[in-house]
Amino acid sequence: MTPISSIAASGMRVAVMGVKTSAHNIAVQPVDPVGPRQVLAVHAVATGGVQAQVVNGEGPPDMVADLLEARTYELAFAANAVVIRRESQMLG
């Protein structure tokens, strides 16, 4: 795997984690007591790419914010998939 595709793949993994985290926050909305909102702590890796970890955020889950975050991660996944596809086309 080339550095470009490994960086894009790490972005896709983080995007999947982000959608799962947002889905979790949305799913626990009607449950009492509502626990803390989960968020991703994302950081860059020295060799390229990103890593993420689920941590507790401030306050209770927010349905609108979580829906927007899920959509943002969905778009990030698609953008990274385009990078991998274009690289594959360029390299044959």
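Predicted model: local features only at pLDDT ≥ 70, side-chain atom pairs only at ≥ 80, totals over all residues.
**Entry 1**

Residues are numbered from 1 along each chain as its sequence is written, and side-chain values use heavy atoms, with hydrogens and water left out.

How many salt bridges does the structure hold? I get 3, taking a salt bridge as a side-chain nitrogen of Lys or Arg within 4 Å of a carboxyl oxygen of Asp or Glu.

One of them joins the side chains of Arg 37 and Asp 66, at 3.0 Å from N to O. This pair links distant parts of the chain, since Arg 37 sits in the loop between helix H1 (3-27) and S1 while Asp 66 is in helix H2, 29 residues apart. For the element names I used DSSP runs numbered from the N terminus: helices are H or I with at least four residues, strands are E with at least two.

Next I looked up Glu 69, which also forms a salt bridge with Arg 37, with the closest N and O atoms 2.8 Å apart. Glu 69 lies in helix H2 and Arg 37 in the loop between H1 and S1, so this pair ties together parts 32 residues apart in sequence. Taken together, Arg 37, Asp 66 and Glu 69 are linked in a network of salt bridges.

Why does Arg 37 count as buried? Because its relative accessible area is 12%. Glu 69 has 27%, so I put it down as partly exposed.

**Entry 2: along helix H2**

I then checked the salt bridge where the side chains of Arg 71 and Glu 74 meet, at 3.1 Å from N to O. The two residues are 3 apart in helix H2, so about one helical turn separates them. Arg 71 is partly exposed at 43% relative accessibility, and Glu 74 is partly exposed at 44%.

Asn 80 is in helix H2 too, which covers residues 63-91. Buried or exposed? Asn 80 comes out buried, because its relative accessibility is 18%. Its side chain reaches the backbone oxygen of Ala 76 at 2.9 Å. Leaving out residues up to four places away in sequence, I find Asn 80 touching Ala 8, Gly 11 and Met 12 (contact means heavy atoms within 4.5 Å).

**Entry 3: a nonpolar patch**

Which residues form the nonpolar patch on the surface? I listed Met 63, Val 64, Leu 67 and Leu 68, with about 380 Å² of accessible area together. I looked at one member, Leu 67, which lies in helix H2. Leu 67 is partly exposed, because its relative accessibility is 48%.

**Entry 4: His 43**

Last, I went to strand S1 (residues 38-44), where His 43 has its place. His 43 is partly exposed, at 44% relative accessibility. I see it touching Gly 49, Val 50 and Gln 51, again not counting residues up to four places away in sequence. I also took the C-alpha separation between His 43 and Pro 60: these residues are 17 apart along the chain, and the atoms are separated by 24 Å.

Methods. Buried < 20%, exposed > 50% of the residue type's maximum accessible area, 1.4 Å probe, protein only. Polar contact = N/O pair within 3.5 Å; in protein donor to acceptor, adjacent residues only side chain to side chain. Patch = residues over 30% accessible without salt bridge, like charges linked within 9 Å, V, L, I, M, F, W, Y side chains within 5 Å. Areas by Shrake-Rupley, 256 points an atom, 1.4 Å probe, with all protein chains shown as cover.
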